[in-house]
Amino acid sequence: MNSKSKVPSIPIEGSISWEDWLKGRRYRRELSQLVAPGINRRKTSSSDRRLKKLFNGERGLPFTPTEKL
Amino acid sequence: MDSEKIKSALADITAEKDPTLKSAKLASLVSALWAEQGVELVVVGGSAIEILTEGEYVSGDLDMCHLSVSTLPVRQRQEIMGLLGAKGGPRNWQVAGTYFDLLGPVESFSRTPYRRVQGPYGEFLVLQPEDLLVERVLVSYYPEPHPPALKCARELAIVMLDGVVKTDWSEVLRIANRPEYRNVEQCKALVREVANELKIKSPLDSD
């Protein structure tokens, strides 16, 4: 756990269970949004051609909104 | 892993619409299959950052490296990925509605262990956040300022400072001091800035 909440931490030693990793998703997203709001996916890369072909003109699948994590 | 399990995993990953879950599940499945052949893989780059931060950064491709210097022979790689119905190769494949890129041997300087997630199809490894942070800070400034990399570095810094991603800060300093990076002051400045936003002291500042 991190010091301030019941959110499971990703440890240095050992492993995090899938369930705990899932449980922490929303909290990690909320933290990230504090310092880097919005979608941070790169606009372009050398993989654009293949990505846009597979994802209907986008570079990947849409992100799940924070409230649904 | 028997063919029924592979088929079921593949159906799950193909149907997955969340990009982070899709990457993590695919990393779990691919890691299990390659491990059966004696090769350990690790998630790197944007995919690793996404697994640690949920920072809405990842694209539609999963980047992995192998821990050993050598990989499997090309024929064996194609056979393993063939079990997943993958197209292409021999270093990148379209599989389960996404792309899997095998980038070669991993480049890691951290003495901390790879982070481990017990995925739904087996454990998978993620590159150390200590390495990822120092690298992102470097890319934020060199060869020229790169704001998307800076946002990424900030995302990593905040989850590490919060403690939700446990971190050895002495390793961050040691890596940043290495000749490959030499960006200690920039790392300190970025971590201090994020720490100030959290109203905590930066672990990279001595006083």
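Q: What makes Val117(B) the bridge partner of Ile16(A) in S6(B), and how do S1(A) and S6(B) pair?
A: In this predicted model, Ile16(A) has Val117(B) as its bridge partner in S6(B). S1(A) and S6(B) pair in the parallel sense over 3 bridges; two strands count as paired if DSSP finds at least two bridges between them. Strands here are DSSP runs of E with at least two residues, and helices are runs of H or I with at least four, numbered from the N terminus.

Q: What makes the link between Ser15(A) and Gln118(B) a polar contact?
A: Their side chains are joined at 2.5 Å, and the rule asks for a pair of N or O atoms within 3.5 Å, one able to donate a hydrogen and the other to accept it; residues adjacent in sequence count only if both atoms are side-chain atoms.

Q: Why is the meeting of Glu54(B) and Arg28(A) called a salt bridge?
A: The N to O distance is 3.6 Å, and a salt bridge needs a side-chain nitrogen of Lys or Arg within 4 Å of a carboxyl oxygen of Asp or Glu. Across the interface of chain B and chain A, the rule finds 6 salt bridges.

A note on conventions: residues are numbered from 1 along each chain as its sequence is written, and chains are lettered from A and ligands numbered from 1 in the order in which they are written. Local features need pLDDT of at least 70, side-chain atom pairs count only at pLDDT 80 or more, totals for chains, interfaces and linings use all residues, and side-chain values use heavy atoms, leaving out hydrogens and water.
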